[in-house]
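Here is a short report on a two-chain model. It covers the interface, the domains and the confidence scores.

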Amino acid sequence: MFNVLRQQARAPLRRAYATQGYVPPAAANNIGQSMIPRFKPRPVSPTFYTGLPSYFENVNTLESAITTSRNILQNLQLLPLPKFARDALPESTPVWKGKDELGFQVETKLTTARYRRLVGLLTQLEEFRKIADTAGCVEVAESIGDVTVLFQRENRDAVLAGGKKKPVQFDKYGRTYTIGRRKESSARVWMIPVQGKSQKPAAAAASSVPSVQAPLPPAAEVNESQNEATSPDLTPFLSPKPLAKTEEPTEVTATNIIINNVPLIKYFPHSLDRERIMRPFRLAGLVGAYNVFAIARGGGTTGQSGAVALGVAKGIVAHAPEVQPLLKKAKLLRRDPRAVERKKTGRRKARKAFTWVRR
Amino acid sequence: MLSLASRSLPAGSALASASRNGTVQSVQVRGYAAPKGPAKIQKQGFVNKGKKKKFIQTVDPNKMKRIPAFKPLTANQLKSEIFHEDVKTELQLPVFRPDALTESNALAKVMEFPTQSNLINRFGVPKNLNIEYRILSKSCAVVRDITLTALDKLDAASASSSKDNRVVLTGSSGCGKSVVLLQAAEYCAGRGWIVMYVPRVHHTVDSSTAYIYDSRTRTYLQPRFSWQVLRRFLDVNTTLLQDLKTTKEFPVERKAPVQAGSPLTDLINVGLQDGSLAPSVLSSLMTELSRQKTYPVLLALDNFQALYTRTTRYRDPKFEAIKPYHLSVPRLFLEYASGKKTFARGAVVGALSEGRADFVTPLELCEALGLPFPRPAGPYVRRVPEIVDYSQGLQKLAVPEKLSIDEAASLFDVWNTDKALHSLPDDDLFMSKYSEASGNARAFVWKGLLATLTS
């Protein structure tokens, strides 16, 4: 009732403009096409009258999507979430398109502020999608996901997997290929488990899991299986009892290391370099378990031996992953970042200064 | 008077108590002479001293424990073997006898060289082995696969002429060629061969021994070296040489000649009495030995490649370098090594020495033995025809680059028993040093075990 009164009160203030012009019939005969008023077509979107129609169209779409999904989630009592629930949500990993790509999509050259606004809206939408997905509202999550996926990169999985280290591959003979670097040197290292005479050589289609030769006297194994809680029985190592006649002596294999087609002893005349390469084997207790072939390039003896040692350590971890914490603790898996310091202007060398003169 | 004094003294003073007791002790109690009370401890840590700060850290003398005087332990208390340096352990090893050298008995075992043969004492050994045998309590060597191969070859050679049995031991530096040669010489001595072992053949060409031109033979004689060879040869092979007789008369200047049919020891003694005759005696001796068939003869030469050098260190009066085949002793060895002169029964065995820079294995010898030559040597590189001639017909016997694990373990055991290791003798040390050495014998022992101080 009050509405009607209001309209009547407003009526005399309204002016009626003629939107359609009155043309007398006689005058209509000689009118050219240009005289006939054309009606402006209604623009598709109200953003037509803005400076960046496509951009604002997208912004409006996203904002309406946010509003809709917020309402839905509120109806489903999923919003507002308590803190513990919010903390328990899984981490979201959206990979939004870059500024240029997104700008191409919205047909506008995006400034940083506008890009950030878009990404902000998308992040909010992704948040709602995550909540719906975690709550189990599949349809809601999917519908929101249909919107957000338009704004994500196509190589999303590749980008997410980019930062992680690739696992070391084994070839058909059970060899690993690792690379080590130190100073200016780099070494490519191939490692293969040593096969004793008792073992048959690996077939061409063998599995990629190699066997580790760990020489242990038979008595130690029996003891260890019985007393797992107590420390391992070391008496077989300290004073080995003579083997029974039926027992075969344990076959001991040696680690052969060849670098640039030259045996280790010839390639590194200094014992320090040889010991550096042997150190990962000694710490892991796997001396004699693997043969090493390495190609080292660049740098000098220390650099090349350090590079080979790193490659060897990585190879050992690939073959025997249980050793990884031990080698990590010993800093053998760390690429030594130390390199020659550059010469600076005003100094003779990196640190050495010119002779100081009083005047 | 005393009572007055006791009243005037402070109550707790020593003198007061002493006087009360009736005894007077001369202990001063006043001022600077008073006994010091408990020491005052200064404030510790950083203390302001004017503008600067001084760090004070003093030990509280009250808290200091009285450290008793150290006294040396008696000999009975010093039970650990670390204190018993004078006690020398001797290795207990099987003896390197020909009858003990079967594959099951001897392979990968360290055997000591018998002292009865006198070979090492009289002929000597190469320099690096000399150092080793000074450190070890016994002269010993590990019996390897290659040793048994070489000994089998020598057994086969004992019946045939040395022309067919001229063998050269080859292999990389430190793989064990000299040791195999020494084992071969010891084996032959044990088997009743006549052995001439020259451990340092390079001394004949490095101008370390006297030389004199002889116009009759038109070569340079080396009297001192020849005399040494005769001396040592006689000492080692006396019994066998007494059985053998000369076949030709040996003329001696201004003395009675050595008649045909006299023992070879007489011939040698002539050379020993007059050093200038030694080269010709040596030459005649070798001729006599090559004719006889009673005993096989072994000519064992270490550092063999020195004989084939293009120029020796000797100079002629024109200061041109003298060739090895123009010196008496190298010429003699070259002739037997090349087969120009042969023993009716016996062998010539040489061992190369690869680690030397002064006498590298020459191109002609490498080609004769089928060894790789490190420098480019196409058809336009000159090969000296005489040296090519002297290196014809030499057989190669390659010594393996690596010790087997068992052989290395035996060596490790020997050095450990002789208390030569500075590190804990566990399997980690053994395996790591063996792998670092890539199985090379010298590198394993000298650069690995004896050069390490690991925990």
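## Polar contacts and salt bridges

A polar contact is a pair of N or O atoms within 3.5 Å; within protein, one must be able to donate a hydrogen and the other to accept it, and residues adjacent in sequence count only if both atoms are side-chain atoms. By this rule, six residue pairs are in polar contact across the interface of chain A and chain B, both residues being at pLDDT 80 or more. pLDDT is the predictor's confidence in each residue, from 0 to 100.

The two chains also share two salt bridges. The term means a side-chain nitrogen of Lys or Arg within 4 Å of a carboxyl oxygen of Asp or Glu. One of them pairs A:Glu275 with B:Lys433, with 3.0 Å between the closest N and O atoms.

## Basis of the model

The model is predicted: local features need pLDDT of at least 70, side-chain atom pairs count only at pLDDT 80 or more, and totals for chains, interfaces and linings use all residues. Residues are numbered from 1 along each chain as its sequence is written, chains are lettered from A and ligands numbered from 1 in the order in which they are written, and side-chain values use heavy atoms, leaving out hydrogens and water.

## The interface

Chain A gives 16 residues to the contact and chain B gives 17 (heavy atoms within 4.5 Å). About 1400 Å² is buried between the chains, 53% of it on carbon and sulfur atoms. Buried area is the accessible area (1.4 Å probe) that two parts lose on being put together, summed over both.

## Domains of chain B

Chain B has four entries in an automatic or database domain assignment: domain 1 (1-26), domain 2 (98-145), domain 3 (156-398) and domain 4 (405-454). The C-alpha centres of domain 3 of chain B and domain 4 of chain B are 36 Å apart.

## Confidence

The complex has an ipTM of 0.80 and a pTM of 0.73 from the predictor. Chain B averages a pLDDT of 90, with 93% of residues scoring at least 70. Residues 1-6 of chain B fall below 50, and this stretch has one contact beyond near neighbours in sequence. Residues 11-18 of chain B also stay under 50, with 13 contacts beyond four places in sequence.

Chain A has a mean pLDDT of 85, and 80% of its residues reach 70 or more. Its residues 202-229 stay under 50, with 31 contacts beyond four places in sequence. Where pLDDT is low, the predicted coordinates should not be read in detail.
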